[in-house]
Amino acid sequence: MPPSASSEQLTFHRRGRALPVKTIKGRAMSSILIIEQILNGLQFGVMLFLMAAGLTLIFGVMGLINLAHGSLYMVGAFAAAAVAGWTGSFLLALAASLAAAALFGALIELTVIRRLYARDHLDQVLATFALILIFSEATRWVFGSFPLFLNIPEALSGTLTLPGGIEYSRYRLTIILIGLAVAVGLFLLISKTRVGMRIRAGENDREMIGALGVDISVLYTLVFALGAALAGLSGALVGAIQSVEVGMGEPVLILAFVVIVIGGIGSIKGALAGAILVGLTDTLGRTMLPWVFAVFMDPAAASSVGSALASMLIYILMAGVLLFKPTGLFGSA
Amino acid sequence: MIRERYLNLLIGALLLIVPLVALQLDEPFIITLATKAAILALAGVGLNLALGQGGLVSFGHAAYFGIGGYAMGILASHAQDYAPLMEAPFLIEGTNLMPVIWLVAIVASALAALLIGALSLRTSGVYFIMVTLAFGQMFYYFTVSWPAYGGEDGLSIYVRNQFPGVNTLDPIQFFGICFVVLMAVLFLVNRLNKSPFGLALNGAHQNEERALTVGINVYRLRLVAFVISGAITGLAGALFADLNRFVSPTMFSWHTSGEIMVFIILGGVARLFGPVAGAAVYILLEHMLGGISEYWQIYLGLILLFVVLFAKGGIVGGLARREVRHDG
Amino acid sequence: MQKTKMAKMGLKTLGAATAVALAMAGAAVADGHAKVKVGVITTLTGGGAGLGVDIRDGFLLAVKQSGNDGIEVVVEDDQRKPDVAVQLADKMIQSEKVDILTGIVWSNLALAVVPSATAQGKFYLSPNAGPFQLAGKGCHENYFNVAWQNDNLHEAAGAHATSVGYKNSFILAPNYPAGKDALKGYKRMYSGDLAGELYTKLGQTDYAAEIAQIRASDADSVFFFLPGGMGISFLKQYADSGIDLPVVGPAFSFDQGILQAVGDAALGVQNTSQWNKDIDNPANKAFVETFQAEYGRLPSLYASQGFDTANLIISAMGKADVKDQDAFRAALKEADFASVRGKFKFGNNNHPIQDIYVREVIKEGDVYTNKIISTGLTDHQDVYAAECKL
Amino acid sequence: MTDSILRVDNICKSFGALKASDSITLDLKPGEIHALIGPNGAGKSTLIKQIAGGLKPDSGKVFFDGRDVSQHSTARRARAGLGRTFQISALAMDFTVLENVVLGAVGQSGSWFRFFRDAMKDTRLLERAYKALDRVELRDLAHVRTSELSHGRRRQLEVAVALTLSPKAFLMDEPMAGMGAEGSQALTGFLEALKTEAPILLVEHDMDAVFALADRISVLVYGKIIATGSVDEIRTNPEVKLAYLGEEDAA
């Protein structure tokens, strides 16, 4: 489209009824709204954490970049939607998402992934890139080209009023709680249990753990399945308030990578910190920037410029972090 | 590997012969496909310099590909409706002359590579992969929401840009241009690989400590390689935009970065003609499988998977090595 | 060697594709009278595949029903990538030697393909996208839009909002050209104030932040244009937010293919469309029945547009030889076919002049669908027609 | 101390609580082999790293060839003439032997920003490379892939690469490690000859080799130099005895 057309577009905006700027300002900045937005950022971050945790765990233990992690997220969502469709039970759906994702995770670990541990990152990126193609189209082949239905369970639907008069979605609060529970669970798993000890050993020294007489390949399969299950779970949880469709895993995959890179690859703590940071940055950026620009711009243009910048914000954040800490916030070189 | 040289000649010859045959058979679309192959190969050659020789796994080369594309799109669109690019401080007109566009594309993408590389090369390993990816995404979202040049709609150029003495609208002649550019770049890259620079780059890839302890400033070395690599990919982007007479943000998407990588793996990492073989085969697959089934990408995925897992060294690697084995 | 093989096999598979399409079309090409070859470029893989599949199925159904053995169809998948679409167009024109191109779902792909296709003397019939660039200055005698100009449904939504007396709408759309056109279109026919105007990230899936702003605003209604998964996500989250402001939008987020995925969240939402399955005319009745019989699902807006596109072509074939461009163009322009949306005619810029209805999402048994509640705009034509020199 | 080529002046480096280098001072004089010995974990590698430039000391200075190089990068110190060999051979394994030494020559000549001349046809580079190969008697293997070399050969190649820099001093980290008896004997003889052209700071576990070679010995224990002196002085030094007896008991 030649520039002339786009300038025409802009004039259209100006012709469009001017928006009372102060409304947006006044409202967007009310303290209640800010708190609510912080809550939203937190919840978005927790969603990302569920996804990033598995990714970072798998990298930490096996040193593997898994682009197909987003596909496992999708598998979880589809499994949940299917089971919810048959049984109508959300809990069964969640269980199904965990099981299906873990199953497929173990499956690809046994057939493909374990051949990649010894390979360089390039091979890993490409093999798992190929897996994305396979998973996406296979899913479409099984479930068709149309989005699936997965809804919030009755018990969790609607909102409740938080102190300070904030109306907030029960379901989103639940997601926050589940996410934090998973975080705690992973900390305990890794710091307290035998498996955790082996995992830490695996991180530090492959030979050593082999010497311990631990069957490392079994351990790896387990860890990969665990990471996959987490992805599946988040797919199902998120699927209930988003669209369950082919390709749903890709945007969140990229975000999850940004998260673990910011947090330091291999560190659960880093994943949590990174996720919250990204969640807040993205949400607050989305809401604040257009308002900031509206101060000195025509509102429509401000909204479009602001959101344009907002959509780049987390990548700018990531680049910034890596400049000062090339191995992420909690990363070890 | 003397044998590899013959194989390279063969690959080059095939890329040249196919469209000529297609011309005889009056199958212009085959020519278009061959042109696409040549252009994507060029993009691959660019990445291969950083990735193959330097071991710099950039997951964001779509950025330079796209910048090259937009250099063409912006210049040509201004030329096409006679609106100067800028009046103040000094007048810059659009242009539809390929050589000028190429120059701008190269310079622009080189500058971007300099900036991105200077930042990214402070990291290594996965962090490098991911930070390059992040920069690619930045460009993607910027162009999607940037209204001036069409945003996600992209920019259509109604007539292909001109090259003195060539009718660029004739498929075979445009292929000729792309083929010559590809071969010229391959020649230069070959010299580069053999040069002290190439030796140092490759040495630093194999053993950074060693390169440092013989007094080589590895960071600067890699930065220069990264810039050259980005510039080549940018040139490819400009040609690609001219092939389609169209640019859009999809040139910046991370799928594009992934595909450029795929060409290299398919063809053979760090092999001079690897990207050429890889791009050609990839397009062949896309073209054939597309007709077979609605779910053709499953097959594509399986083939890629097979190559990565079992056909290490890719096409060139495989063939070249086998020939050597026949020897002894 | 291996490359020349590629050439051959390439051709073979093309042959295959054609054969398949023909089989679908159930036609046995024999006699000599002017055949028409149609290239359908549409999205059959990835996220937006549902729309492309519907357009294709609707199109092929019409071809099949016509029993016309003179029409030959080639279908290709553009993967929703503009550059792929451009190359497929080259392929269709250069090796398939098609007379007519159609099928593209997305505006940005249409903008990439249409100008060069029409410039090469091919007809392009748009079964879905209608970007303003091609309706105004950029209009072309060989470009026909059988769906709508992009702004139309949004304009209808604006008109509806005005007529039901909404005074303070909160409007949002993705931050890309089609999104900007949408808000532009709504504002053109909406006479109230704006409680807020938001552009969201393309492909965004979490709308908590936007919904919070809606809640905080003093809006009395919400208009949104969020195609595909974005709309599903928004509606689910909006319904869960407990906000009960009325929602208006274009048909895209309330279409047959999507509604089942949205569920109750969509019930009662009023949306604008130029077609619905309950429009009372024989063509439409037959279409809805046969489509269900053929594919085992209710037809969507997109299917109806694909169906109409094919019928338009077939009607023109009866009047003129496609090789005689002027005659065929005139035949197309007459739009002498039984559109499933009732009356249908082309304006000077070859875009539809048609009624646009207001539908409401209802539940029939356990299937979510729409029923028409009123006519939003009558004989509506897009504003760009004036700029078109045809 | 102007006559010393390399001088480490009061270097301190700690990792958290652990003092890896505790105000270390030592120097290397022309024509000598100065051996640095000490039990495992005494901080020998840490010290070498700080001298070579891979690691920045918390405090203290490194002087090389009369200049304070504390702030210089590894590459810059190498170009200044600090030749280094590694405990585990650091070589480009896919390169031929010749390519590895040419790489050294490239670094030395600073010609790594030449883009078009073929490095393996550049007479100046080749001359230098072959000279180095001759010194370690590897010319015959010039075109063998490095990964195919025996362990001992790789050690020799390491030295050859270092030689291409025509260094003013060598840093050698356990050159004897993993070499057969006669292998290390040969190397001993070679180092004897080498020290006349550039002094060697030698980190070595093989005590026989050290006592045979070294002109001076410094003993590093828990990040401290507990003694520096001639072979005999060190042999008879009680503290050293203690440190080593302790280690032998453990072993």
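This is a predicted model: local features need pLDDT of at least 70, side-chain atom pairs count only at pLDDT 80 or more; totals for chains, interfaces and linings use all residues.
What percentage of the 251 residues of chain D count as buried? That was my way in, and I got 47%.

**Entry 1: chain D overall**

I went through the elements of chain D and found nine helices and ten strands. I then looked at its extent: along the principal axes, the C-alpha atoms fill a box of roughly 60 × 40 × 35 Å. Next came the radius of gyration, which is 18 Å for chain D; a compact globule with 251 residues would be near 18 Å, so the two agree. I also checked sequence separation in the contacts. Taking the pairs in chain D that are at least 6 apart in sequence, 66% of the contacts join residues at least 24 apart.

**Entry 2: two domains in chain D**

For the contact between them, domain 1 of chain D gives ten residues and domain 2 of chain D gives seven residues. On the domain 1 side, the elements with two or more residues in that contact are helix 2 (74-79) and helix 6 (181-194) of chain D. I sorted that side by residue class too: five are nonpolar, four polar and one charged.

**Entry 3: strands 1, 4 and 5 of chain D**

Strand 4 (residues 59-64) of chain D pairs antiparallel with strand 1 (residues 6-15) of chain D, over five bridges. One pair I clicked on was D9(D), whose bridge partner in strand 4 of chain D is K61(D). Strand 4 of chain D is also joined to strand 5 (residues 67-68) of chain D, again antiparallel, by two bridges. There, F63(D) has D68(D) as its bridge partner. Which residue in the turn between strand 4 and strand 5 of chain D has a positive phi? D65(D) does, at about 55°, and the hairpin has two residues between its strands.

**Entry 4: chain B overall**

Chain B has 13 helices and two strands. Its radius of gyration is 20 Å, close to the 20 Å from the globule rule for 328 residues, so chain B is as compact as a globular protein of that length. The C-alpha trace of chain B spans about 65 × 55 × 40 Å along its principal axes. Of the 328 residues in chain B, buried ones make up 66%. For contacts in chain B between residues at least 6 apart in sequence, 75% link residues at least 24 apart.

**Entry 5: confidence in chain B**

The pLDDT of chain B averages 89, and 97% of the residues score at least 70. By element, the highest mean pLDDT in chain B is 96, for helix 9 (residues 218-244), and the lowest is 60, for helix 13 (residues 314-327). I flagged residues 322-328 of chain B, where the pLDDT is below 50; beyond near neighbours in sequence, this stretch has three contacts in the model.

**Entry 6: chain B against chain D**

I counted 20 residues from chain B and 31 residues from chain D in this contact. On the chain B side, helix 6 (171-194), helix 7 (196-206) and helix 8 (208-213) each supply at least two residues. Helix 7 of chain B has the largest share, six residues. By class, the chain B side comes out as nine nonpolar, seven polar and four charged.

**Entry 7: chain A against chain C**

Here chain A puts in 55 residues and chain C 44 residues. The elements of chain A that each supply at least two residues include helix 1 (3-15), helix 3 (31-62), strand 2 (166-169) and helix 12 (268-294). Which helix of chain A gives the largest share of the side that touches chain C? That is helix 13 of chain A, with seven residues. The chain A side divides into 23 nonpolar, 23 polar and nine charged residues.

**Entry 8: a covered helix in chain C**

Last stop was helix 8 (residues 208-216) of chain C, which is mostly covered, with nine of its nine residues buried. Among the buried residues of this helix are E210(C) and R215(C), along with I211(C), Q213(C) and I214(C).

Definitions and conventions. Residues are numbered from 1 along each chain as its sequence is written. Chains are lettered from A and ligands numbered from 1 in the order in which they are written. Helices (H or I, at least four residues) and strands (E, at least two) are DSSP runs, numbered from the N terminus. Ala, Val, Leu, Ile, Met, Phe, Trp, Tyr, Cys and Pro count as nonpolar, Asp, Glu, Lys and Arg as charged, and the others, Gly among them, as polar. Two strands pair if DSSP finds at least two bridges between them. A residue is buried if 20 or more other C-beta atoms lie within 10 Å of its own, exposed if 12 or fewer, and partly exposed in between; C-beta atoms are placed from the backbone. The radius of gyration is taken over C-alpha atoms; the globule rule is 2.2 Å times the number of residues to the power 0.38. pLDDT is the predictor's confidence in each residue, from 0 to 100.
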